[in-house]
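Visitor: I would like a close look at one part of this model. Please take me through the salt bridges, pair by pair.

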Amino acid sequence: SNPFEVKVNRQKFNILGRKTKNDVGLPGVSRSKAIKKRTQTLLKEYKEREKANVFKDKRFAEYNTKISPEEKMIRRFTLERQRNYGKKNIYNLNEDEELTHYGQSLAEIEKLNDIVDSDSDTEERGALSAELTAAHFGGGGGLLRKKASSGLQDEEMEKPKSRKELIEEMIAKSKQEKQERQTRRESALELTEKLDNDWKEIQTLIAHKPSKSERKDKDAEKPKPDEYDIIVRELGFEMKAKPSERMKTEEELAKEEQARLQKLEADRLRRMHGVDDQTNEKKPSHVSADDLADGFILDKDDRRLLAYKDGKINIENEEEEEEDKEEEEEEEGREEDNENEEESEEESASEDEENGSADSHSDLESDLESEEEAAGNKEQKKDKTNENESQSVEELDPKVKAAKSELPYTFTVPESYETFKSLLAGRTIEQQLIILERIQKCNHPSLAVGNKAKLEKLFGFLLEYIGELAILDLPELRTIDKLVLPLYNLCQMFPEAASDSIKFILRDAAHDLEEVIEVKGRATFPGLDTLIYLKVTSLLFPTSDFWHPVVTPAFMYMSQLLTKCRITTLQDVIKGLFICCLFLEYVSLSRRFVPELINFLLGVLHISLPKKQAQGYTVVHPFTPVGKNLELLLVCDKKDLESWQKQNLPLSIVTRLKETSRTEINHARLSCLALCFDLIKKCAALYESLPSFHEIMHPVRVLLTQHVPVNEYPEKMQEWYHGALKELENKAGEHYTPLICEKKKPVPLKQYTPKIVKVLEFGRKQAGSKKEQERKQLIQRHKRELKGAIREIRKDNQFLARMQLSEIMERDSARKRKVKELLGSLATQEGEWKAMKRKKGKN
């Protein structure tokens, strides 16, 4: 090697304990080693990549002399069992092992199932006679000699038979034996069939019923059935599921309901016009004497059940039915007789006219008499028919009146509110509900294209109608309660239209409230119709949603009512408490905190105190600490206090409060105060999980414990008071610390102490924790290994490419060499052939 090509890796400083690699590097040495290694491994794999002729002896311990043959067999058997045992056999618990012998199952060998090819004979199968065997498989000469010797002894005068004759005789004999066997088999079959038939005939005669003792012995011998067997037998008698009819779609149900209502309406109109069912029935036609009754059909089932009464057959019903039938037949016969008389009179009149014309009017007097008689008969018939008609009209009058008083079964959707109102005017609440139900069924959206828009208008009409019922002097609250159900059904069918209608009403109410506040500076509580709309909103739409297009505006509107409407009268207090009840209903599931609710209840307690005790606490708007409305709920009359009883406050009291007596007004004040205590108790139960519950309910607790004159109230009022106070005190002990923002850590002062950092690699400072440093080291190692692997893969690919190129070049050089050899041999042959041709030409 050239010393100038030797690479020396020198170190600036000698460090104790550090091992150095490749201090001196010779060029080409490492490369030759790598090529040699690749030829031994990679090139060998490349050449053997498509070869599969390698035989590997995988027998266990085949060349291990330390293990005995018995141990080898046992270990091989266990390995074979482990190989066959897989996931498929996990749940096969009681599976028997299959033992084999030379690859065949021992269970199959023990069955001794010999395969027989002959299908012709069932008896003496596989048995061949000695003569037949000797004739076909050798020994024919000996057989002939044996026959000849026996023939000479028996019949000395007969000549020996030839081979052909012996074979023919033997074939005939075998055929005869075969025929005999066939006949015996057929006779045996006939006898067995005959015996079976005889046995079936005799079996019925010899059958005898076993005695009770024999039955008991047999029952005792029989094992009792297991519980599993009993359950399996019971399953056979259980009812099996049968396919039910297909569920009808909403459109199909709507069509069926519409058809039913239309049919009922047609029947009602027919009854109203006095048309009876019997007129539409077909009358029996006249039957001639020559009729053979080929088309006779039974209209009714005349079969009767056999009944006995007091030991005799009950024939009363049959006799009554027969009498009814006889009466009907008599009436039909009378009608037919009248018709026949008319026909006969007409025929006689026509015959008389013909005779008269032929006899030149000789029988004029008789004709006149017959005409007078016919006219008299007709007048009598007309009188009879008029009498029958008058009687039928008198009978139908109550039916007609009942039909007119009935509600129609089909309705069209009213186009305007006036028509809708006239449709429900003068009806009872049940009739109004029936009308609305029939309107929805007859005008279902699936029945026609424009029905959807019509029913959406119906929702608005119904809302307006409910508002009008609430504005009346005596509000029909029960009617409104019943009308909520059809309103809910329409809301479920058309939620968008329903939400738009209620949003429009709430928007108008909110705008009116803002306008009044801008003009007067204060507002009053709305009418009863708006309060009912707020209640209907909670029934039609979900109130527990975080945000809802209808409930959220209603929520905001109610909070504005409790904060901006001044409390001047008892009606305002009742309306405010009603809104408080609505608030609790709205937030019962979401448990949303409503500060306006707590503030209003605190104000109600404030206006129930005397002026002397209403001091020492703050009151928020709309309540004032001083004013004429301070003692609005204060009751000083002892008689009224003693006679008061707890009762629910109806909303209708808002309209008729001016007409009531002073005692009733005082009772209403006390009921408002009791309701306030009840609402405070419910709020405490609702907001008990809030962290700031103690701070929220603290003013209410102070007012109840320090300012409310409990001893002056009736006993029932004191019970309500103590219940609310107990609920507050129980929850007050469970004080929750309010949420506080986390304080930031103070910034430490700068110090001059040096920062010590652990140096993991020479010349590099690793910042961060120990885990971060280890992670960075792993990432760096991974990158280094990845680069080395990529470099080795590239070198392997280059080596394989060189090997492939060398193989291709070797093949090409060998092909060129062979081509040159072939061309050279052809050239020599051509030269020799030309030389021979020249010689022949010269000769």
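Guide: What follows is a walk through the charged pairs. Keep in mind that this is a predicted model. The structure holds 13 salt bridges. Side chains of opposite charge can pair when their charged atoms come close.

Start with glutamate 62 and arginine 76. Their closest N and O atoms are 2.8 Å apart. This pair links distant parts of the chain, 14 residues apart. Glutamate 62 sits in the loop between α2 (42-47) and α3 (69-84), while arginine 76 belongs to helix α3. Glutamate 62 has 26% relative accessibility, so it counts as partly exposed. Arginine 76 is also partly exposed, with a relative accessible area of 26%.

Next, take glutamate 437 and lysine 441. Their side chains form a salt bridge at 2.9 Å, N to O. Both lie in helix α15 (residues 429-442); because they are four residues apart, about one helical turn separates them. Glutamate 437 is partly exposed at 39% relative accessible area. Lysine 441 is partly exposed at 28%.

Arginine 817 is partly exposed, with 46% relative accessibility. Glutamate 821 is partly exposed, with a relative accessible area of 48%. Helix α27 covers residues 770-842 and also holds leucine 826.

Definitions and conventions:
Residues are numbered from 1 along each chain as its sequence is written. This is a predicted model: local features need pLDDT of at least 70, side-chain atom pairs count only at pLDDT 80 or more; totals for chains, interfaces and linings use all residues. Side-chain values use heavy atoms; hydrogens and water are left out. Helices (H or I, at least four residues) and strands (E, at least two) are DSSP runs, numbered from the N terminus. A salt bridge is a side-chain nitrogen of Lys or Arg within 4 Å of a carboxyl oxygen of Asp or Glu. Buried means under 20% relative accessible area, exposed over 50%, partly exposed in between (1.4 Å probe, protein chains only).
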